[in-house]
Amino acid sequence: MDVVESEELEDGTKLKFRTNEEKVEVYKDGQWSPLFVKGMNVGATLPGHFPGELPMTKDQYLEWFEMMDGMGVNTLRVYTIHEPVFYEALVEYNRSHSDDPLYFMQGIWSPVELMKETENARDPDVTKAFKKEIKDAIGAVYGDIKIPEENGKASGAYNADASPYLLAWHIGTEWSPQMVESTNEKSSDDPAFRGSYFKAAESASPFESWLAELLNYTAALEAERGWEHPMTITNWVTTDPLDHPTEPHKMEDMVSVDPTKIEVNNWRAGYFASYHAYPYYPDFFKTTDKYNHVKNEQGKVDTYKGYLQDLKAYHEGMPIMITEFGVPSSRGNAHFGPLGRDQGGHSEQMQGELNADLLNQIDQEEYAGAVLFSWQDEWFKKTWNVMPFTNMDRNPFWYNVLSAETSYGVLGMYPGKHGVLQMDGELLDWKELEDVETFETPLGTWSMTHDEGYLYLSGRLLEPLSPETEPFYIGADTINGGTKQMAGQSFSEGFETMVRLGKKENSEVLIAEDYDFHQRLYEHASATKEAEGFHSWKLITNYQRTNPATDQLLPFEEAEVGGLERGVDWEVKGRQIEVRIPWALLGFADPSTKQVARYGPPVEGEKKLYFSKIEGIHLVPMGAGDLVSEGEVKVEDFPFYTWDPWQQVEYQVEIKKSYQLMKQAFQQLAD
């Protein structure tokens with residue numbers, strides 16, 4: 001392969017990257033120069049696949065590398081070992097871009113299930129499993145290992161040597177505070193680790209000492225290959241070494257994992273601290289007054305900026321990176337953050353603006369790097385506040401707009417008809433579709449289709465519509481129950497959800513009072529009655545809790561998520577109407593197997609609902625007063641839409657607006 005420039009030490013050891021005081025440096029053009037890591041976290045899966053299935057091809061990786069490089073990214077981070085094609089593609093790409101290669105940080109995944117089971121990181125079985133993962137990761141990076149097949153893990157013959165492009169080993173995952181505390185209690189009498197390359201300080205906890213042992217093991221294996229690369233351990237705000245006395249959730253400030261308690265003994269490539277730090281959680285970002293003196297460029301108190309300053313000061317003398325940050329572009333919101341930096345509820349434009357601002361703050365506070373989360377959307381991810389009414393075993397097979405965790409990417413992964421059907425009221429694009437069903441109703445002709453994210457409807461009506469002055473409704477009946485009264489009209493079956501199209505502030509999907517998941521799950525939930533028998537769709541974003549520093553009761557928090565945007569989700573032009581309804585807002589736990597959340601209270605003590613399989617949906621379009629009659633309206637006389645369950649997905653890949661904004665932000669920063 002092409003020779004990659006590196007410094008060769010007297011004993012023959014090669015260095016391409018090293019730490020120096022509070023910077024990371026790269027050896028280039030015969031000298032060491034500071035490198036600000038402009039990074040991107042890259043997952044290993046695609047829609048329709050679970051994270052351990054690793055479906056990526058070499059060509060897909062090459063395409064992604066080109067896009068990331070063009071964005072201004074200089075380093076990508078992977079969490080675990082990828083398939084051999086990843087390393088082959090990276091080496092091939094960098095050979096053809098030798099003047100400006102893409103570097104990478106190799107993550108080494110913790111044996112999280114075993115750690116959870118034992119509640120002791122120092123358990124011999126945990127350490128053995130972790131060291132095996134380290135050994136496999138080193139072999140994968142150096143291209144000198146064949147990893148046998150194992151369910152949920154990468155495998156195959158690794159022949160591509162990607163080590164010259166390796167910026168750092170990134171060891172571990174976000175640590176469970178209960179597990180860390182339990183480890184410290186069970187091993188309180190163990191001596192501090194002393195290794196040839198890394199050691200634990202005398203004041204280190206047993207868990208920190210164990211991490212020093214893992215770093216030393218990694219270094220010893222790498223030293224055999226004649227290279228040294230910088231090392232770091234994964235960490236997050238929950239287990240940072242700072243005190244957060246206003247944090248209302250005890251678990252989020254119960255124990256520390258302190259990188260400064262691990263010392264370099266003889267590792268010339270060095271060691272740095274890294275943290276996952278998001279601006280909306282833990283809650284002390286909202287409750288603290290510690291950073292009231294810290295103002296951003298707009299003159300507003302900025303607790304995230306204050307935290308960055310505090311964390312940086314604690315690690316004085318060593319480099320520190322934020323290796324995960326960002327907000328998602330999801331309809332759903334999982335947590336409110338200060339200054340509008342919420343965990344969701346953002347457009348792609350706002351996602352990009354917020355992420356660019358966070359990047360600039362990290363740079364301004366003189367961190368060694370910032371790694372955005374994330375490159376691609378990930379359908380398989382779980383979000384805490386939609387888990388109770390979602391079949392999580394089926395997450396990869398549909399696009400859940402309410403799940404914030406699925407939409408962090410700057411590369412959008414959208415359902416199959418994204419970009420194919422435009423909600424513009426023109427209806428011409430419907431003629432190109434094959435999977436359309438057409439129905440005659442008292443209001444005119446309706447057509448329906450669907451994809452992995454939405455149910456789509458279009459109508460050619462008998463009379464023009466004026467939703468600004470007279471709202472238009474579409475009732476959806478999926479399961480027995482629901483609201484049988486609407487605008488003075490009675491129906492033979494109840495509606496679980498109701499689409500209302502009208503003025504900007506009134507266009508939304510509503511949920512029946514007796515079907516309202518939010519009301520059924522949370523005693524402090526508020527009920528916003530938007531129409532007869534219907535509530536606004538809401539998600540919990542925080543429980544009631546107490547600020548431990550002041551004993552102040554903090555309120556239950558919730559976000560409205562049912563809104564429909566005209567021109568994006570629906571449109572009316574004369575007698576033509578077009579609308580897309582997210583499966584999630586129709587009460588589906590999994591549309592790919594036709595499962596909806598069912599009626600009845602959740603089982604006492606359980607924080608989830610139960611599901612029923614249905615045959616399809618009755619949809620009843622109605623303008624105000626159009627269906628009023630002396631008798632009951634027969635719902636069964638209206639369109640009944642059904643579909644075949646699916647196991648394979650179609651999806652559309654599209655660069656988000658946030659990509660372009662982050663491209664500008666990355667390119668404005670010097671390497």
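Predicted model: local features only at pLDDT ≥ 70, side-chain atom pairs only at ≥ 80, totals over all residues.
Strand β2 (residues 14–15) and β13 run parallel and are joined by two bridges. Within this pairing, Lys-14 has Trp-227 of β13 as its bridge partner.

Strand β8 (residues 103–108) is largely enclosed by the rest of the structure, because six of its six residues are buried. In a regular strand, side chains alternate between the two faces of the sheet. Both faces of β8 are covered: Tyr-103, Met-105 and Gly-107 are buried on one side, and Phe-104, Gln-106 and Ile-108 are buried on the other.

Strand β7 (residues 75–78) runs parallel to β8, and four bridges join the two. One of the residues named above, Gln-106, is the bridge partner of Val-78.

## Packing of helices α1 and α11

Helix α1 (residues 58–71) packs against helix α11 (residues 657–668) at an angle of about 55°, and their axes are 8 Å apart. This angle makes α1 oblique to α11. From α1, the contact involves Met-67, Gly-70 and Met-71; from α11, it involves Tyr-659, Met-662, Lys-663, Phe-666 and Gln-667. By class, five of the residues in the contact of α1 with α11 are nonpolar, two are polar and one is charged.

Thr-541 is located in strand β30 (residues 538–542). Its relative accessibility is 0%, so Thr-541 counts as buried. The side chain of Thr-541 reaches the backbone nitrogen of Glu-558 at 3.5 Å. Apart from neighbours within four places in sequence, Thr-541 contacts Asn-333, Ala-334, His-335, Phe-336, Trp-384, Glu-557, Glu-558 and Ala-559.

Leu-433 is placed in the loop between β19 (411–415) and β20 (437–441). When residues up to four places away in sequence are not counted, Leu-433 touches Lys-417, Val-420, Leu-421 and Thr-449. Of these, Lys-417 is 16 residues from Leu-433 in sequence, with a C-alpha to C-alpha separation of 9.6 Å.

## Backbone geometry in the loops

Most peptide bonds are trans, and most residues other than glycine have a negative phi. The following sites depart from that pattern.

The peptide bond from Tyr-281 to Pro-282 is cis, with omega near 5°. Pro-282 belongs to the loop between β16 (273–276) and α7 (284–287). Phe-373 and Ser-374 are likewise joined by a cis peptide bond, with omega about 5°; Ser-374 is in the loop between β18 (369–372) and β19. Positive phi values occur at Glu-366, where phi is near 65°, and at Lys-594, where phi is about 60°. Glu-366 lies in the loop between α9 (348–364) and β18, whereas Lys-594 lies in the loop between β36 (588–590) and β37 (595–597). Lys-594 is also buried, with a relative accessible area of 6%.

Methods. Residues numbered from 1 in each chain as written. Heavy atoms only, no water. Axes fitted to C-alpha atoms, helices over the stretch in contact; angles between N-to-C directions. Parallel < 35°, antiparallel > 145°, perpendicular 65-115°, else oblique. Contact = heavy atoms within 4.5 Å. Nonpolar A, V, L, I, M, F, W, Y, C, P; charged D, E, K, R; others polar. Pairing = 2+ DSSP bridges. Buried < 20%, exposed > 50% of the residue type's maximum accessible area, 1.4 Å probe, protein only. Polar contact = N/O pair within 3.5 Å; in protein donor to acceptor, adjacent residues only side chain to side chain.
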